[in-house]
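This report describes one protein structure for a reader who is new to the subject. Please keep the sequence and the three-dimensional view at hand while reading.

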Amino acid sequence: MKHYILAAVVLHIFSLLLLLKMRGFNTDETFSQKAAKSNLSAVLYSLSFIVPFVFLYLFFTNWFIPQFNLSGLFYLFLVIALGFQILCTFFPERGGWLTFLHQTLTGISAISLLPLLILIVLSNTVNVPGRILSTIAILWMVYLLYIGLRNLQGHAKALWLQIGYYVLFFASIVAVTYL
């Protein structure tokens with residue numbers, strides 16, 4: 001189960017790269033905006049989260065949470081983050097209320113990742129390097145959230161903000177797992 005994190009990350013990266021190959025690497029569009037361009041892209045976008053998140057859920061619930069004796073609060077934020085992220089993929093940014101709904105759902109998911117890292121930092125069962133890296137990730141993620149929220153109408157580097165945010169989270173989890 002420990003290595004399911006690697007399977008989840010590799011599957012997620014591969015599927016999102018496929019979406020970029022199909023829809024171009026225009027950095028002022030988010031993955032959702034790329035997915036909204038066709039039904040096939042929208043299905044791939046949803047699957048790029050659903051399939052890896054099965055591995056991610058199994059990793060967290062069967063290995064990570066028990067290994068580090070993390071609380072039910074960790075599980076709660078995990079379910080919120082994964083659930084809302086999957087839900088938002090069913091509503092790619094196609095304008096109007098769909099864009100508002102997608103951004104609200106993905107915002108809830110993204111913000112829910114912060115308490116997960118905070119709980120890791122506060123855990124005495126996680127090694128010191130993992131807690132330090134998680135602290136650094138939190139600070140950078142808050143900064144990226146600030147940039148993203150300051151520019152709600154769009155940002156010239158929206159894709160990079162999105163990628164950076166999730167890379168920080170997953171890098172922190174991988175570091176805690178393998179250090």
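## Residue S46 and its surroundings

Leaving aside residues up to four places away in sequence, S46 touches T89 and F90. The model in which these contacts are found is a predicted one. S46 belongs to helix α3. Its relative accessible area is 8%, and because buried means under 20%, S46 is counted as buried.

## The pairing of α3 and α4

Two packed helices are described by the angle between their axes and the distance between the axes. For α3 and α4, the axes come within 9 Å and cross at roughly 170°. Angles over 145 degrees count as roughly antiparallel, and α3 and α4 are therefore roughly antiparallel to each other.

On the α3 side, the residues that make this contact are Y45, S46, F49, I50, F53, L56, Y57, F60, T61, F64 and I65. On the α4 side, they are F74, Y75, L78, V79, L82, Q85, I86 and T89. Sorted by class, the contact of α3 with α4 has 15 nonpolar and four polar residues, and no charged residues.

## The second largest pocket

The second largest pocket holds about 520 Å³ of space. It is lined by 31 residues, of which H12, L16, Y166, V167 and F170 are the closest to its centre.

Several helices contribute to this lining: α1 (4–23), α3 (39–67), α4 (72–89), α5 (96–122) and α7 (158–178) each supply at least two residues. In the lining of the second largest pocket, 25 residues are nonpolar and six are polar, while no charged residues are present.

## Residue L149

Is L149 buried or exposed? L149 has a relative accessibility of 53%; because exposed means over 50%, L149 counts as exposed. This residue is located in helix α6, which covers residues 128–150. L149 and G107 lie 42 residues apart in sequence, and the distance between them in space is 9.6 Å from C-alpha to C-alpha.

## The protein as a whole

The secondary structure of the protein consists of seven helices and zero strands. Read from the N terminus on, the order of its elements is α-α-α-α-α-α-α.

The protein has 179 residues, and 44% of them are buried. Among its contacts between residues at least 6 apart in sequence, 69% join residues at least 24 apart.

Technical notes: Residues are numbered from 1 along each chain as its sequence is written. This is a predicted model: local features need pLDDT of at least 70, side-chain atom pairs count only at pLDDT 80 or more; totals for chains, interfaces and linings use all residues. Side-chain values use heavy atoms; hydrogens and water are left out. On a 1 Å grid over the protein atoms alone, a cavity is a set of points where a 1.4 Å probe fits but cannot get out, and a pocket is an open set with protein on both sides within 12 Å along at least five of seven lines; lining residues have an atom within 4 Å of a point. Grid points are joined across faces, edges and corners, and a volume is the space filled by probe spheres set on the points. Helices (H or I, at least four residues) and strands (E, at least two) are DSSP runs, numbered from the N terminus. Ala, Val, Leu, Ile, Met, Phe, Trp, Tyr, Cys and Pro count as nonpolar, Asp, Glu, Lys and Arg as charged, and the others, Gly among them, as polar. Buried means under 20% relative accessible area, exposed over 50%, partly exposed in between (1.4 Å probe, protein chains only). Contact means heavy atoms within 4.5 Å. Axes are lines fitted to C-alpha atoms, for helices over the stretch in contact, and angles run from 0 to 180 degrees between N-to-C directions. Angles under 35 degrees count as roughly parallel, over 145 as roughly antiparallel, 65 to 115 as roughly perpendicular and the rest as oblique.
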